[in-house]
Amino acid sequence: MNMQSDFSAAPPPGCPAHGSGGRVPLYGPEFAADPGAYYAYMRSYGAAAPVELSPGVDATLITDYSAALQLLQNPDTFRKDSRRWREYNEGKVSRDNPVVPLLEYRPNCMFTDGAEHMRLRQAVTDSLARIDAHRLSRHVERVADYLMDQFISRGSADLLNDYAKLLPLFVFNELFGCPAEIGDRVIFGISGIFDGINAEKANEVLAQSVGELVALKRRQPGEDVTSWLMQHHAQLNDEEMVHQLVLLLGSGAEPQRNLIANALLLLLSDERYAGAGLLVEDAIDDVLWNSPPMANYAPHYPVSDVDFAGTRLRAGDLVLISIAAANTDPALSTSRQQLSKRAHLAWSAGPHACPAKDTSQLIGVVAIEKLLNQLPDIELAVPESSLTWRPGPFNRGLSSLPARFTPIHTDKQPVSRQEIPTGDHRTRTQNKHEKGGLWSSFLSWWRA
């Protein structure tokens, strides 16, 4: 897919905006199949394009690298607090719209501004800074070993659903100190929200389980991010704790799984990586530039009516950054080689830049290297052209990534996957014969 197409291109076939000059839809299988063609067309509007994130949800999408950087670094003009979202406040966007959960206000460091944002973000960055890189690497390797044990003797695997999707969830459960029963429901909650499977129930389960984790760590602190966040001098209350943890767990899991899977796809399909010259770090940088896990996000709202990037924006308009389009801005084509390897916008920029980029990079590198070292002859099991991408305006993620390799027979038996408990806590704990979920299975495997 050529993501740096001619910006004078016509609307892609099947695009409802074709010939109408209307809003460009960022949902549906057509956009997921070839977003590059859509970005190329949107550049005909200039640096900012009118888009529709979901039926009835209008936004302005910044596709120009310089304009995106200018917006991200201008908190006086553009704010993050989505209580400013005018069309939502006016009732033009319904609360049950599928994109609202990732846009509506929560009292966390992503959706706050000014002093409150600084207080919450400092607590998050200081707590994440306490993660020991060597300990994290060892844990990623343990999780990778466990997940590979489930399919290594088969000679085939879905590297997305059997590996890249589960590994971040398991790693985060460890980082945040989740015991088995709470960790099972955290995995259920995050998976359900992003997969759109019973999302309302999943969101409820995630909030309840994180609330229980906060209560547990108040009584029994440990050497984990939850406890460090709780002990920070910012003195987060229980509600603030829950919202920071839901943000960190949710916003970490989805991009991390896409980063790992998208990099594996590149490594298994791009001839440049067949030799010995390029490293896993190079593939990850390539993905962050050209196929970023969060393709369109960073919602902002103008404080007042403003002319920006050649477009008149009203106060409270929803404005998003197209990280994918900005990174592949044709204006950068001659200067990308001179730019820093990290000059891409995949980690965002400005006061709301991702605070966990080093942790995410480490998890991705270790997870991919472990897999490739264990399965040196692994290859795609289907043509690259037959792979499908999950629809949606925000993420760039595969639906599956089938691969094959020479089976490796071991004495270890795969762990049968159990149902993840989601019912009432008292009922679960009273039923001592109840089976555990994915996290419980891993902990049992590790302790064996």
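1. Let me start with how the chain is tied together. Taking contacts (heavy atoms within 4.5 Å) between residues at least 6 apart in sequence, 71% join residues at least 24 apart. Please keep in mind that this is a predicted model, in which local features need pLDDT of at least 70 and side-chain atom pairs count only at pLDDT 80 or more, while totals for chains, interfaces and linings use all residues. Residues are numbered from 1 along each chain as its sequence is written, and side-chain values use heavy atoms, with hydrogens and water left out.

2. Now the overall make-up. The chain has 17 helices and 11 strands; these are DSSP runs numbered from the N terminus, with helices being H or I of at least four residues and strands being E of at least two. Of the 448 residues, 54% are buried, where buried means under 20% relative accessible area, exposed means over 50%, and partly exposed lies in between (1.4 Å probe, protein chains only). The chain exposes about 19,500 Å², and carbon and sulfur atoms supply 51% of that area. Accessible areas here come from the Shrake-Rupley method with a 1.4 Å probe, and for residues only the protein chains shown count as cover.

3. Axes are lines fitted to C-alpha atoms, for helices over the stretch in contact, and angles run from 0 to 180 degrees between N-to-C directions. Angles under 35 degrees count as roughly parallel, over 145 as roughly antiparallel, 65 to 115 as roughly perpendicular and the rest as oblique. H5 passes H12 in a right-handed crossing; a crossing is right-handed if the near helix is turned clockwise from the far one by less than a right angle, and left-handed if anticlockwise.

4. Which residues of H5 and H12 meet? From H5 come Glu 116, Arg 119, Leu 120, Val 124 and Leu 128, and from H12 come Glu 240, Gln 244 and Leu 248. By class, this contact of H5 with H12 has 4 nonpolar, 1 polar and 3 charged residues. For the classes, Ala, Val, Leu, Ile, Met, Phe, Trp, Tyr, Cys and Pro count as nonpolar, Asp, Glu, Lys and Arg as charged, and the others, Gly among them, as polar.

5. Ala 253 is also worth a look in H12. With 4% relative accessibility, Ala 253 counts as buried. Apart from neighbours within four places in sequence, Ala 253 is in contact with Pro 168, Leu 169, Phe 172 and Ile 190. The C-alpha atoms of Ala 253 and Phe 170 are separated by 9.6 Å, although the two residues are 83 apart along the chain.

6. H12 and H15 (residues 357–374) pack at about 45 degrees, with their axes 10 Å apart. That angle makes H12 oblique to H15, and the crossing is right-handed. On the H12 side the contact is made by Gln 256, Leu 259, Ile 260, Ala 263, Leu 264 and Leu 267. H15 brings Ser 360, Ile 363, Gly 364, Ala 367, Ile 368, Leu 371 and Leu 372. These residues divide into 10 nonpolar, 3 polar and no charged.

7. H12 also packs against H13, at about 110 degrees and with the axes 9 Å apart. The two helices are therefore roughly perpendicular to each other, in a right-handed crossing. Leu 259, Asn 262, Ala 263, Leu 266 and Leu 267 of H12 meet Val 280, Ala 283, Ile 284, Asp 286, Val 287 and Leu 288 of H13. The division is 9 nonpolar, 1 polar and 1 charged.

8. Why is H13 described as largely enclosed by the rest of the structure? Because 8 of the 11 residues of H13 (residues 280–290) are buried. Among them are Asp 285, Asp 286 and Trp 289. The buried residues of H13 pack against H12, helix H14 (323–327) and H15.

9. Most residues other than glycine have a negative phi. Ala 298, in strand E6 (residues 296–302), has a positive phi near 50 degrees and is buried, with a relative accessible area of 10%. Ala 309 also has a positive phi, near 50 degrees. Ala 309 sits in the loop between strand E7 (306–308) and strand E8 (311–313) and counts as partly exposed at 30% relative accessibility.
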